[in-house]
Amino acid sequence: MRSTISVRHSEITPLLRERADAVVERLAELSPHALEATVVFDEGPGGPAVEIRLHTRGRKVLIGTGEGADHRTALDRAEAKLRPQLIKASQVRTRTRRVPTRDA
């Protein structure tokens, strides 16, 4: 799976980049259909924020956002919001069309 880390209006440490990669790998293990992940670190008026976008097969995009006192806390909160979405998406069964049988 391909992952991209972007930073807006601030700087992050290499250690935080490695942590973001580890979070993306953990989330990818929950979804066998994950194709690409994007992590965006932002410093806005509300404080540090992180958004994780996970693209899966079927043009489905799952998004988790988090805000906190620092980027690490925001990253943990974004992961916590995205995890239930991935679990739910992996449990959804595909509908199968039943073919009526003929009684002879």
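Residues count as partly exposed when their relative accessible area falls between the buried limit, under 20%, and the exposed limit, over 50%. Arg 19, with a relative accessible area of 23%, is therefore partly exposed. The model described here is predicted.

The protein has two helices and four strands. From the N terminus on, these elements run β-α-β-β-β-α. The protein has 104 residues, and buried residues make up 32% of them.

Side chains of opposite charge can pair when their charged atoms come close. The structure holds five salt bridges. One of them joins the side chains of Asp 76 and Arg 19, at 2.6 Å from N to O. Asp 76 lies in helix 2 (residues 71-91) and Arg 19 in helix 1, so this pair ties together parts that are 57 residues apart in sequence. Asp 76 is partly exposed, with a relative accessible area of 28%.

A salt bridge also forms between Glu 79 and Arg 26, whose closest N and O atoms are 3.1 Å apart. Glu 79 belongs to helix 2 and Arg 26 to helix 1, so the pair ties together parts that are 53 residues apart in sequence. Glu 79 is buried, at a relative accessible area of 8%. Its value lies under 20%, which means that the residue meets the cut-off for burial. Arg 26 is partly exposed, at 33%. Arg 26 and Glu 79 are also linked with Arg 83 in a network of salt bridges.

Glu 51 and Arg 53 form a further salt bridge. Their closest N and O atoms are 2.6 Å apart. Glu 51 counts as partly exposed at 25% relative accessibility. Arg 53 counts as partly exposed at 23%.

The surface also carries a patch of negative charge. Glu 18, Asp 21, Glu 25 and Glu 29 gather there. Asp 21 is placed in helix 1 (residues 14-30). Its relative accessibility is 31%, so Asp 21 counts as partly exposed.

Terms used: Residues numbered from 1 in each chain as written. Predicted model: local features only at pLDDT ≥ 70, side-chain atom pairs only at ≥ 80, totals over all residues. Heavy atoms only, no water. Patch = residues over 30% accessible without salt bridge, like charges linked within 9 Å, V, L, I, M, F, W, Y side chains within 5 Å. Areas by Shrake-Rupley, 256 points an atom, 1.4 Å probe, with all protein chains shown as cover. Salt bridge = Lys/Arg side-chain N within 4 Å of Asp/Glu carboxyl O. Lys, Arg positive; Asp, Glu negative; His and termini not counted. Charge placed at Lys NZ, Arg CZ, Asp CG, Glu CD. Buried < 20%, exposed > 50% of the residue type's maximum accessible area, 1.4 Å probe, protein only.
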